[in-house]
Amino acid sequence: MNEQVKSDSSNLLEREVVDNPDFVTVGDIAVENPAMTCRDVNVYYADKQAIFDVSVDIGRNEVIAMIGPSGCGKSTFLRCLNRMNDTIEICRVTGDIALEGEDIYARSMDVVLLRARVGMVFQKPNPFPKSVYDNVAYGVRLHGLARNKSELDDIVEQSLKKAGLWNEVNDRLDKPGTGLSGGQQQRLCIARAIAISPELILMDEPCSALDPIATARIEDLIDELRQQYSIAIVTHSMQQAARVSQRTAYFHLGKLVEVGPTNDIFTKPIHGLTEGYITGRFG
Amino acid sequence: MTTIQGEGHIFTRFDDEMKQLHSTVVGMGVLAVKQLRDAVDTLRTEDTEKAHDVISNDTKLNQLDIDADEQITTIIAKRAPVAKDLRELIAVGKIVSELERAGDEARKIAGLTIRFYEGTSRPPNEEILRDIYTLADYVSGMLEKSMSVFDDLDLNGAVEVLNMGLKLDDQLQSILRHLSTFIMEDSRNVGNFVDIVLGIRALERFGGHAKNIAGHLVFIKFGFDVRHEGIDVIVKSIRES
């Protein structure tokens, strides 16, 4: 965070949140019939705590946007939701995170299966160095989701159609995925994620490397995907959060300060830090 | 609720643009009040020349209305405001319209001076006009109060204006009763009666604009729309916020 642009009043508000171990997130953290519930989630990198007692639900067929200044912990929190942080040796996660009521940190949880149920799209498009077809078919084969070639073809076609890419690539399915444009590559990654029928899709700044037109296509796609999937998206673009999400969560220095309907957050936020951040009074 | 009211944006030009808009609106408020006071003064002094000046000065308010709208459009296009900034811009767009219309009502009062003192018919006596003077003082005070709240967003002042609006209705009834006694006393007053009632109506609308502005200020501060709410609901909402 750029400390130089923060005034005394926002520093005071920040202290009220950061120094208060009993701070409670403002707004409704719970939703009816959630796809995922997170309660008292704490994340530590060795001795350093990065996330403090975050509790929030991710609703079914909703897009929840996670916003906040750099270093606020939104990406760290997102990565807890499909145990991506497991790959970081010094990272330790406590608290309860349940997908459809099932504890994702339980010993019995198969992490590979979990990541099929909770797909992820990253900041930079990362297609495999394989053909367009194989990029989408890879996870389907890995998880044995198609009984024969015709079923696999069907899944690949449907996934590319859902990702809005089919019309652009159906005549070059055997060409390398890495040869597509940046926006197409990102949609290919989304097609790859949805091919294995996830319940939840995590998106970590999916449009930050894309131009405005490609961004608009991804945003339209997110809105269409919401009909079938639950989506949690981390974004630095507040306008994007306002456009694509139904609920917004504001993180600040590892704490979830406020969560609520996106319309309310962007018109009448409750907490002063939320207001200060979204109106551009600090960042 | 804790707020960071008064804290500047990272983009300081955004603050400059908001301040510029704020100052345009304050200028409009000052001008609208002056227009009404000048208009009433022309009635008192029977100064038709000055009444014409008041009417032509209304174009200044019209121009400021257009200027303010342009500034709002530019800020929205450039800054994509949200939260309080967005509420303020939406409300200010409405406030400038209220001020422009308040100026139109002041112009109508100046029109009365011209009608009464440039024509050949018998002008009303001072006694009949006294209600207009009293009411004009009252409603210009309402607008001044609203504009002072616009400056500091102290909503106690807004509640005060809304309460003044309630009393204005009572005052209006009382004035109409009072006026009717003049007609009964001297039927030659009938000719001016309609003009006086229209003047009273213009002043009532002027006060109405001041009251509406107070409502818009509640929206800026708390984000709820009180345009169609009773005073009890408004006061309760403010206290609970």
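These legends describe close-up views of a predicted model. Local features are limited to residues with pLDDT of at least 70 and side-chain atom pairs to pLDDT 80 or more, whereas totals for chains, interfaces and linings use all residues. Residues are numbered from 1 along each chain as its sequence is written, and chains are lettered from A and ligands numbered from 1 in the order in which they are written.

**View 1. The largest nonpolar core and its members.** A nonpolar core is a set of buried Ala, Val, Leu, Ile, Met, Phe, Trp, Tyr and Cys residues joined through C-beta atoms within 7 Å. Buried means 20 or more other C-beta atoms within 10 Å of the residue's own, exposed means 12 or fewer, and partly exposed lies in between, with C-beta atoms placed from the backbone. The largest core holds 85 residues, and A:Met66, A:Leu200 and A:Ala232 touch the most other members. Helix α7 of chain A (residues 182–195) gives the most to this core, 7 residues. Helices (H or I, at least four residues) and strands (E, at least two) are DSSP runs numbered from the N terminus. A separate second core of 58 residues includes B:Ala91, B:Val96, B:Leu143 and B:Ala202.

**View 2. Surroundings of A:Leu200.** Leaving out residues up to four places away in sequence, A:Leu200 touches A:Ala35, A:Met36, A:Ile58, A:Leu99, A:Val118, A:Tyr229, A:Ser230 and A:Ala232. Contact requires C-beta atoms, placed from the backbone, to lie within 7 Å.

**View 3. Helices α7 and α8 of chain A.** α7(A) packs with α8(A) (residues 212–225) at an angle of about 20°, with the axes 9 Å apart. Axes are lines fitted to C-alpha atoms, for helices over the stretch in contact, and angles run from 0 to 180 degrees between N-to-C directions. The two helices are therefore roughly parallel; angles under 35 degrees get that label, over 145 roughly antiparallel, 65 to 115 roughly perpendicular and the rest oblique. Their crossing is right-handed, meaning that the near helix is turned clockwise from the far one by less than a right angle, with anticlockwise being left-handed. Among the residues making the contact are A:Gln186 and A:Ile190 of α7(A) and A:Ile218 and A:Leu221 of α8(A). The contact divides into 6 nonpolar, 3 polar and 2 charged residues. Ala, Val, Leu, Ile, Met, Phe, Trp, Tyr, Cys and Pro count as nonpolar, Asp, Glu, Lys and Arg as charged, and the others, Gly among them, as polar.

**View 4. Helices α4 and α5 of chain A.** α4(A) (residues 132–142) and α5(A) (residues 149–162) pack at about 115°, with axes 9 Å apart, and are therefore roughly perpendicular. The crossing is right-handed. A:Tyr133, A:Val136, A:Ala137 and A:Val140 of α4(A) meet A:Leu152, A:Ile155, A:Val156, A:Ser159 and A:Leu160 of α5(A). This contact has 8 nonpolar residues, 1 polar and no charged.

**View 5. Helices α3 and α6 of chain B.** α3(B) (residues 83–118) and α6(B) (residues 190–222) pack at about 165°, with axes 9 Å apart, which makes α3(B) roughly antiparallel to α6(B). Here the crossing is left-handed. The contact comprises 12 nonpolar, 4 polar and 10 charged residues.

**View 6. B:Ile196 in helix α6 of chain B.** B:Ile196 is buried, with 21 other C-beta atoms within 10 Å. Apart from neighbours within four places in sequence, B:Ile196 contacts B:Pro124, B:Ile128, B:Ile132 and B:Leu179.

Key
Two residues are in contact if their C-beta atoms, placed from the backbone, lie within 7 Å.
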